[in-house]
Amino acid sequence: MVNELNTPSYLQMESISKAFPGVQALDNASLSVRAAEIHGLVGENGAGKSTIIKVLAGVYSPDEGSIVIDNIEQKNHSPASVHEAGVRFIHQELNLVPHFTVAESVFMGQEISSPVGLRKRQMRSRAEDFLQQSLQYQLSGKKLIRDLGVAERKLVQIARALIDNKAKVVVFDEPTGPLASNEVEQLFRAIRGLRERGIAIVYVSHYLGEITDLCDRVTVFRNGKTVSVLAGADAENSQTIIQQMVGRDITTLYPERRRVSEKFVLSCAGLSCQPYFQGVDLNVSAGEIVGIAGLVGSGREELIDVLYGLKKATAGTVELDGQALRVNKPHIAVKNGIVLVPRDRRNAGLVLDMTVADNINLASLDEVSTFKLERKGLGRKRATALADKLDIRPKNVNAVVRYLSGGNQQKVVLAKWLATGSRLFVMDEPTIGVDIGAKVEIYQLIADLASGSNAESDGAGVIISSSDPSELLGLCDRIIVLLRGEIIAVKAVDELTLDSLLALTTGGVVATAGALH
Amino acid sequence: MTENTQVKASSSASLKQQAVGFLKQFGFLLIIAAVFGFFSLYATNFLSSSNLLNIVEGSSILLILALGMTYIVALGGIDLSVGIAFDFGAAFAIVALKNYDLVWYLAVMVGVSGGLLVGLLNAFLVVKLSVSPFMATLGTFFIGSSVQRIFTNGGGPISHRGAPQEFRDLAVGKIAGIPSEIVIASVLLLVYFLFLEKSIFGKRIHAIGMQREAALVAGINVNRYLFWGFVIAGGTCAIGGIIGSANLRMFSPLAGYSYLLDAIAAVFIGASLSRNGRPSVSGTLIGVLFLGMIANGLNLMGLNFNTKDALEGVILVVVLMLAVYQQKSLGKS
């Protein structure tokens, strides 16, 4: 959709300032979005994206500034008045009840009823029609939420927000986090469909690829200020966007390659976990970073779980440093030097209400204790050293982890495992929900892990499972591709391009080769 | 929330948290002071040193059971069978003395093993069969109650007037001039404090209770901790039962039940006192003494003992309301 440059803005937030105790979260920031426009909102963690979204939602009241929606200045801004004005929010979390049907979920809280009860059939057909017409997706209203894929659930969530046909502005907050790349396209079709209908769309995402693909214009935030509004070619150039975001050039996103040793750290043969995957042979050398690519349902997640003992293998052998090992519980993995950076950081990676220091020391408590009694001072000192090394902010190891940003939380997870001196680092989506600046640091850290702390040590093996193909290509030495539970390719990164990797993951190349069953 | 916001907000919030945390504790102290003052004025002899000692001594058994409960609640569960472990401790000890003529210390060990047995059943249900702690210990509660009735032909007490003096002294004797109940409870209190609040085991236990999955992924053998948690809690509660039986020189079936709700109340009063809402040994101690003070004060005033529960309930609700209110005001900032 081409917008004329002088099209008036439908949503206009001007000179918004908002201070929290000790910090100016928004400093004279502005955001204006036109009707029938997909408007990207980007910035590093801490730039003020979430704050301005919460100001728009009426959760925070701004200290200064004005909000105009459809030429009406919003006084007494509150969540109810925002909803009344036609602003809808698609939150990152799904918030759907698993045993409700699609139709029930769409109409939850806004049921159509007659004097004798609910009009179930009418709700079902309206839900189906809406999904079909506005979101370009066919889905039976009778299906249960728990039987849907993540992308389908996202669409149901969108339908629920928009079914009353009063939406004028829709804010998407990191909508693609849990989606696989082919599902993302499905969501994009739906979002473009909304644009056709003249809705103004605010799209918040860490994935710059999505921003450049989808957005007509992009507002960049830095330190609570609006630094630029990019349009046209600039909005399609991720280098430009990155430069605006961090205020400097990031020349190399990925670290340099390292020397890979001949010695296998991990060596799996015929590893299977029915019905998720079977016959996986996987070797990881010291100093090597091996990537695992594959769609959701390819067995990628389950392979990680089996390697870490969260799921039991049904067949196959695992050797660590040449020693046969049966890993059927995480504590056995950790004891033997296999550690996991889990995909679900907030549930599995961290104890959110513990401090940074407690989280960092949690896996190596023996080293900060005397006669099993904890030495708090020693623990803090040790955690501080690691936190400094990884540049964890805030620089206070007594801070509660829940309140850290995604990137810093992930660094805490890494610090916890650095403290154990492990042999094999298994990382599942290591940079999910992490902003670009922290990403670069985490990539460097992963490379440092692989190369080892000093010249004579061999370094650790690293396995990275990721749904971001460019991350795999940039970071890994070798990539194995899983499709429907089987390895269909093992390739050095030099043999791969973004396109060929994508084709492999989705089964394209193999299908033409006739090897697909 | 943005990173910077949170950085600064959390550091300034920690000041505020401290203030609110102080207020919260202060608020509860006000309630304690008010109740204390009320009893001092209206309950004769409440303030006498012998009565204050009475309160502490009368709270000893509850404290022992509440310690076991604190352990389980810290692990993220609940134990509805603390009373059963209490009863089994009493029954095993009395039967060992009466029917098998065991020396008193062996009888004590037999009693403790009775509680361990109850704990083992819980542990088996929770760890091996993956039953939730609530349902598992409820099951144990029913089974244990029934076993006691069958064993005693419908619930008659087993008395043993000829229990050796050393055994009786566990309840009525003195060690270095201090009632032995208080000494035993204090030793357990210290052990639990070191274990749950100061040791690395305690750190892992709290991690499991806060976020089990994260603890698992951090390499903590969650099942082992759950298993031993229930076993040790069972053994601890049995010590309470042994003291109870030593006091009366008999085992009265289902006597432990009366401690269950008080133990839960004490732990959660204690948890609401701490800034992060976690159960703690020191919080539990305050909760137990508070409940003991109410029971004692009402008793001295000659009020109907039945009103004690009502008043306890009212105070509990007020304390929890206070905690929720303060947490809310904290969340808003």
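A residue is termed buried if 20 or more other C-beta atoms lie within 10 Å of its own, exposed if 12 or fewer do, and partly exposed in between, with C-beta atoms placed from the backbone. The model is predicted, with local features requiring pLDDT of at least 70 and side-chain atom pairs pLDDT 80 or more, while totals for chains, interfaces and linings use all residues. Residues are numbered from 1 along each chain as its sequence is written, and chains are lettered from A and ligands numbered from 1 in the order of writing.

A:Thr212 has 19 C-beta neighbours inside 10 Å and therefore counts as partly exposed. A:Thr212 lies in helix 7 (residues 208-214) of chain A; helices are DSSP runs of H or I with at least four residues, numbered from the N terminus. Beyond neighbours within four places in sequence, A:Thr212 contacts A:Ala235, A:Glu236, A:Asn237 and A:Ser238, a contact being two C-beta atoms, placed from the backbone, within 7 Å.

In chain B, the axes of helix 4 (residues 82-98) and helix 11 (residues 222-248) come within 7 Å and cross at roughly 55°. Helix 4 of chain B is therefore oblique to helix 11 of chain B (under 35 degrees is roughly parallel, over 145 roughly antiparallel, 65 to 115 roughly perpendicular and the rest oblique). Axes are lines fitted to C-alpha atoms, for helices over the stretch in contact, and angles between N-to-C directions run from 0 to 180 degrees.

Helix 4 of chain B also packs with helix 5 (residues 104-128) of chain B, at an angle of about 145° and with the axes 7 Å apart.

Definitions and conventions
Helices (H or I, at least four residues) and strands (E, at least two) are DSSP runs, numbered from the N terminus.
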